Amino acid sequence: MLPDEDAPLNGMPSTETTQAEILRRRDSKLPLMPPIAAEECLAGRLIRPTPLAANRNCVLSSADSEGFSLLSFRVPETDVMNVMQRHLTQCQRAEASLMSHFPELRHLGANSSGLGAVSGAAHTTLGIMLVRQTVIYLIADVEGLQRSHEDADSAFNLEQLGQPRDLLHLLKLAFHSSGGNHFGGGVSPFTKLWALMESLMNASSETTQLPAFKGLPRLLRDDALGHIKRELRGCATLNSPHPLVGNKLQGCHRLTVAGATHLIVQMDARSKLGGSAHLLFCLDQAGHEPVGRWQGVAENQWRNITVPGDSVWVHLRGEVNAKSAKQLWGFRVRVSAQGWTPPEVESQALEAPLPIGWHLLDLLSKHRPVELLTSHTFFFMARYLHATDAPHHPLAAALLLRLLKLPQSALPLDTGDPRDTWPMEQLLTLGAHIEWHVEHAVDPVSGLLPLRIQLFSEVVAQAWVRLKSRSPKPPPTRSWIDGVVALSMAARFFVDGLDPLQHLPDAWLSKLQDAGLEVIELQENWSVSHYARLIAHAAAIPKTKLLKVSAKSLLVPEDGPLSTHSASSLQVHFALLQQFNSVLHQFFPYVYTGYSERTYTLGAELCALREIIFPEVKHGVWTKMRDATAAVKDKEWNKANPPPVVTVNRHRAAKERADRRAKTKHSVFAQLHAQLQVVDVKDLKRRDRAFKVKFAGEGADDYGGPYREVFTSLCSELQNESVLPLLLQTPNGQHNLGSNRDRFVMQPASTSAELLQWYEFIGVLMGISLLQKDTVLGINLCSVFWKQLVQEIANDSDLASFDEMVCQSLKKIEHIDDEGVDEELFSDLIFEVFTAQLSNGVEVEVCEGGSDIDVTWHNRKRYCDLVLKARLREGRVQTHAVLRGLSTILPVRLFPLFSHREFELMVCGTPDIDVADLKRHTRFGVSVNPNDAHVQLLWQVLEAFSSEQRSKFLSFIWGRNRLPTTEEEWGDQCMKIHTLEAATGDQHLPVSHTCFFSMEWPRYSTFDIARDKLLYAIVNCTDMDMDATAEGRANLAMSIDDD
């Protein structure tokens, strides 16, 4: 998992905890019930002696004035009644063990004890909860309340809802009644009320003018800021002297944040130790429950850890070299709360702020941002950004950025802009912090700054722009500020199609004019896809870098969408793209976040503009990342450091079995997973081969061929539902309708822990294929899967790509009025309910109680939206598991740099074998002439083959079923053709050497003979038995029988 500061911005702090953790914290922190008194000792009540084996309860028989009691209990093993005498100081109430569930028991009087008290407390709590739940569901039905208000026969009036603070109190009680599980699965009372809050935040809602709702946004804002204040105070730190003093670390320190449910442990990026010195983080003082360890350098190596409870113990151990101690900075540890224990009594619940402050502020910034445009909010957020102990810098920076970029049109017409009075100088001082991270904390693999620093840089850039607009003397700037500002302006221009003369940087326009280009032509409103066509047109110029192409050399194409433009228009638009890409390449670490959720951030805008980022910029970043992940090593290094070895029994995997589970167990995929799951993932990060393959019972020595063949085999298994339950043929393929009938989607029912680990393993294999130039994972997955990996938004066309029938049905229902159907006729034609059938045939509700809600004329569009959303998200759990596996190999933040089509080609290669491309990358043996008759027969046969047969040919000769997609991926690889010399060539089959991408091709006399021989070879000759090496002979001798 990515560190906290680099997590996606919608990763709000969680307050969800397990019941075991809640009980553990309560048992350790809540005070015991008061000692039992003599007046409570009524005969027949239950007493719990302490200690007593098995924690048994006893019946009180009698008690004397000195506090001694006579207790009776039954021995379960013998069913014999025994009697014991205990002093009251060694006894406790029987209900003491239930305090964790019912804190109210600690406040019961002396005469309200025993199981009756427990039952009464439980029934009272349940009754209050049900009444509140009823009230919440009533309030959440705003339309129903309005109808009741307008009904003359109804006694209800909207003013009976009370004041805004009453609604806020109800929100808090609903939150605590739902146990803090406020945004998880299912529907809780709080979820219903939160949905109401979202609708009420909409400024256009008529109900916001009612007394009960009008002042609610302001109260929510103040409550949220109150929670963040508590969050700032909820930190604890441990420091060494800076620089480090002494050479030995020793001692144990407890860091506590009172009231926290979870703690985040963070290390200062400057922390540095040497030798054996290290910090061990534990849940206990003795050090028996470790949760993390740090040693060395924190910069780019430490990943934040989350621990349950309100305390963590830090054990200082080891020592450093005495000579280097003074050169080491030492360490600084910070723990901060990630959740808060719910209040024990309701009065505290009403007084304490809701522990969802960031959620509330995000909600307000979306729907009622004007409520946040106050000096108090600005000062508070600026202070938060400067606080080194603040745990959620990305959330604060994103919120402030949203307020700074709020357009003037979103403000009330009768008021000025409150931001004109904000002291932006406070934000400019963050520049020094940013520059320190640029020098010391750029991720060495992705080449990116931490997410919070990227957001800081954009906040500083926006503050600088506002200061410049209000001051006659511009504030001092830096080159990176100018770059961020320029990219922000250009991104808005490309996304929204704004006026170029007002919204493009002046320096860019001047540069275009100086080059003799017609800037006025930029006023043509081009879409992003149209710019992408221009890039493709320019890329057709062979062996030319797009950043170096002379814009004036571009000519108008003869046909296509670009043919309608003048040459001057194409040239100035391409020059603008060159300027944009040049600046982006220079300041890439500052601006490219790799997260598309917050559309108002520059990082999200760049994700949306991935189509107009030049391929050379993308692949330049990608190549540096691959080299940083695993550098290309020479043959001597690879020989001295061999990869892990796996043994694959293909005969066992191919054996027919009646039991599907046995077939799955013995599959190549399962064999590979079982052996590689115990291998450290860093040992798989290699540019040659991630592992070496031994085929049991086959005489093959792995120089690359068996390795590639394993990937081909497991891809075939993944796309065979009778072997692996991971992928499912698209409904289009099941019904033989629409496009992509040969493609697959995630199996929605495969959610067990074991199967999710298999999905993660698919992600690991994808990461390996991305890391290695000549490895592909040729699986035919639909666009909806690839779009989730690169954070593209899926739409109805993606649904049509795997379920055309449902997509057409939804369109007909949504636009049924176009066919002349009215409200009265609708109910006679449509008999649907709010459910959806997934690709595996399982029917699910698309909303709460959906199976009982009929689709009507008025709710049909909502029904279509919900079904579309459900179908596009049906494999989300499995896709996220794949993404987790990918993240162990490569930095996922770079994935959105590519479109889903580009990313699929990078992982899978080109699905069809282009014979012309294969010809261009073919070399011939010394005795072979490319014009020989038998060579020409080979090309004729390949051109006559089907796409599937050509893939099998490539697998036969190279061990992979797809070609590289770019010249860079081809590198110096090529197919090598040699002549198999024989007196009667027609009697021989072709011989392949998959490790070396070569084939011995006989001199066949006719096309038919050549086709038949090659077809027989690629279908039937799948074993590898020709390697006469010692290892090849050893592999051949391996047993192929089942275990």
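Q: Which residues is Phe580 in contact with, leaving aside its neighbours within four places in sequence?

A: In this predicted model, Phe580 is in contact with Leu487, Ala490, Phe494, Trp508, Leu606, Leu609 and Ile612. A contact here requires heavy atoms within 4.5 Å.

Q: What makes Phe580 stand out in the largest nonpolar core?

A: Phe580 is one of the residues that touch the most other members of this core of 169 residues; the others are Met381, Leu427, Phe494, Phe669, Leu672 and Met766. Helix α29 (residues 753-771) supplies the largest share of the core, 12 residues. A second, separate core has 30 residues, including Phe281, Val307, Val314 and Trp340. In general, nonpolar side chains of soluble globular proteins tend to be buried together.

Q: Why is α26 called roughly perpendicular to α29?

A: Helix α26 (residues 668-676) packs against α29 at an angle of about 85 degrees, with the axes 11 Å apart. Angles of 65 to 115 degrees count as roughly perpendicular, and α26 is therefore placed in that class relative to α29.

Q: Which residues of α26 and α29 meet, and how is their contact made up by class?

A: From α26, Phe669, Ala670, Leu672, His673 and Leu676 take part, and they meet Gln757, Trp758, Phe761, Ile762 and Leu765 of α29. The contact comprises 8 nonpolar and 2 polar residues, with no charged residues.

Q: Why is the pair of Phe493 and Phe494 called edge-to-face?

A: The structure holds 25 aromatic pairs. In the pair of Phe493 and Phe494, the ring centres are 5.4 Å apart and the planes stand at 65 degrees. Centres within 6.5 Å make a pair, and planes over 60 degrees apart make it edge-to-face; the pair of Phe493 and Phe494 is therefore edge-to-face. Both Phe493 and Phe494 are buried.

Q: Why is the pair of Trp526 and Tyr531 called tilted?

A: The ring centres of Trp526 and Tyr531 are 5.2 Å apart, with the planes at 55 degrees. Planes under 30 degrees apart would count as stacked and those over 60 as edge-to-face, so the pair of Trp526 and Tyr531 is tilted.

Q: How do you know whether Trp526 and Tyr531 are buried or exposed?

A: The relative accessible area is 5% for Trp526 and 2% for Tyr531. Buried means under 20%, and therefore Trp526 is buried, as is Tyr531.

Q: How do you know whether Leu404 is buried or exposed, and what does Leu404 touch?

A: Leu404, found in helix α11 (residues 393-404), has a relative accessibility of 1%. With the limit for buried set at under 20%, Leu404 therefore counts as buried. Not counting residues up to four places away in sequence, Leu404 touches Arg419, Trp422, Met424, Leu427, Val459, Gln462 and Arg466. Leu404 and Arg466 are 62 residues apart in sequence, yet 8.7 Å apart in space, C-alpha to C-alpha.

Q: Which residues of helix α36 are buried, and what covers them?

A: In α36 (residues 900-908), the buried residues are His900, Phe903, Glu904, Met906, Val907 and Cys908. Their cover includes α22 (615-629), α29 and α30 (783-789). Phe903 also belongs to an aromatic cluster with Trp622, Phe785, Trp786, Phe895 and Phe898.

Methods
Residues numbered from 1 in each chain as written. Predicted model: local features only at pLDDT ≥ 70, side-chain atom pairs only at ≥ 80, totals over all residues. Heavy atoms only, no water. Core = buried A, V, L, I, M, F, W, Y, C linked by side-chain atoms within 4.5 Å. Buried < 20%, exposed > 50% of the residue type's maximum accessible area, 1.4 Å probe, protein only. Helix = DSSP H or I, 4+ residues; strand = E, 2+ residues; numbered from the N terminus. Axes fitted to C-alpha atoms, helices over the stretch in contact; angles between N-to-C directions. Parallel < 35°, antiparallel > 145°, perpendicular 65-115°, else oblique. Nonpolar A, V, L, I, M, F, W, Y, C, P; charged D, E, K, R; others polar. Phe/Tyr/Trp six-rings, centres within 6.5 Å; stacked < 30°, edge-to-face > 60°.
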